Amino acid sequence: QSRLLFPLMALMRVGLDVQTSGALFARIFEYLDLRPRVTDKPDAITVEQAPGPLGLVEFRDVSFRYPDAADDSRPTLDGVSFRIEPGQFAAFVGPSGAGKTTVSYLVPRFYDAESGTVSFAGADVRDLTQDSLVSHIGIVSQETSLFHASIAENLRYAKPDATDEELQAAAIAANIHQTIVSFPDGYDTIVGERGYRLSGGEKQRIAIARVLLKDPAVLVLDEATSALDSISERVVQHALEAASAGRTTIAIAHRLSTVVDADVILVVDAGRIVERGAHADLISHGGIYARMHAEQRTGAV
Ligand code: ATP
């Protein structure tokens, strides 16, 4: 159950910094009975007070096990280290269950590492207030949650004081404006549970518009595994390029075609980073990545 609820919770936690209608949050939390798993230290600082540049994300020898895992189980993450500089695009690839999504959960501190350090803007995330931390992180995940509310309200969730012009500009950049205006009530169309049904690609573009409104320093992009048709995929891809431009992006990639231009590709296998580098280096290295690439090209994956 926790596995299923988690992305929804993640999305909500990331929105906690915004002054969204208290009633809306009360309703959601009542419904899911979710409580934060981590608490702030009494002397926690904000990201603005952190010593390093905004957008710098670093893992130092991080090991992690889910709270419900058996004590003697293999860690989900095992000695993971990397440093993503502000504005870089880092892509995590690797087999299903390798731990890619788990890496992305530790950045907004949805869980604490068992050992090692996760740092954001040069500060250990355990020394930051979580509200401040998540206010600088945007997430576009496979399971975008839309509230039973209008599209405008769903977008404003990321920036409650956004003007109509700002909503529209974000929707245009996310390639969803034309779709929205074709709906029966445009931006006032009610979506979500029992509302107007959006396709996976449309929901993803709403999530991208939210990120553009929120304008975080770090974007976590959990690429959809579900097949979009090739036109929607291209449209989503362009929207993602707009969203990742100028900000640190941590992409969990399932299709290697989307990582070719990444500044750094990190190959995760069984909780460890087994290869890292730019596409061309990894191809010439002739290891796991090169093999995955060859398989995906021949359609074997
Ligand atoms: P995929 O490509 O399939 O999304 P992944 O590389 O992102 O896989 P993770 O989702 O990080 O892998 O999962 C790593 C391991 O942790 C898997 O064995 C998974 O079953 C386990 N796991 C993931 N989420 C939880 C959770 N909330 N509680 C317990 N175990 C979990």
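User: What makes Tyr66, Ser96, Lys100, Thr101 and Thr102 stand out around the ligand?

Analyst: They come nearest of the 15 residues around the ligand, where a residue counts as near if its C-beta atom, placed from the backbone, lies within 6 Å. This is a predicted model, in which local features need pLDDT of at least 70, side-chain atom pairs count only at pLDDT 80 or more, and totals for chains, interfaces and linings use all residues. Residues are numbered from 1 along each chain as its sequence is written.

User: Which helices each supply at least two residues of that shell?

Analyst: α1 (2–15) and α3 (100–106) do, helices being DSSP runs of H or I with at least four residues, and strands runs of E with at least two, numbered from the N terminus.

User: Why are β2 (77–84) and β5 (123–124) called edge strands?

Analyst: The open sheet has four strands in the order β2-β1-β4-β5, with antiparallel pairing, and β2 and β5 are its edge strands because each pairs on one side only, pairing requiring that DSSP finds at least two bridges between two strands.

User: How do you know that β4 (residues 115–120) pairs with β5?

Analyst: Two bridges join these antiparallel strands, and since at least two are required, they pair. Ser119 stands opposite Asp124 in β5.

User: What makes Ala91 and Tyr289 contacts of Ile265?

Analyst: Two residues are in contact if their C-beta atoms, placed from the backbone, lie within 7 Å. Leaving aside neighbours within four places in sequence, Ile265 meets this with residues including Ala91, Val93, Leu282 and Tyr289.
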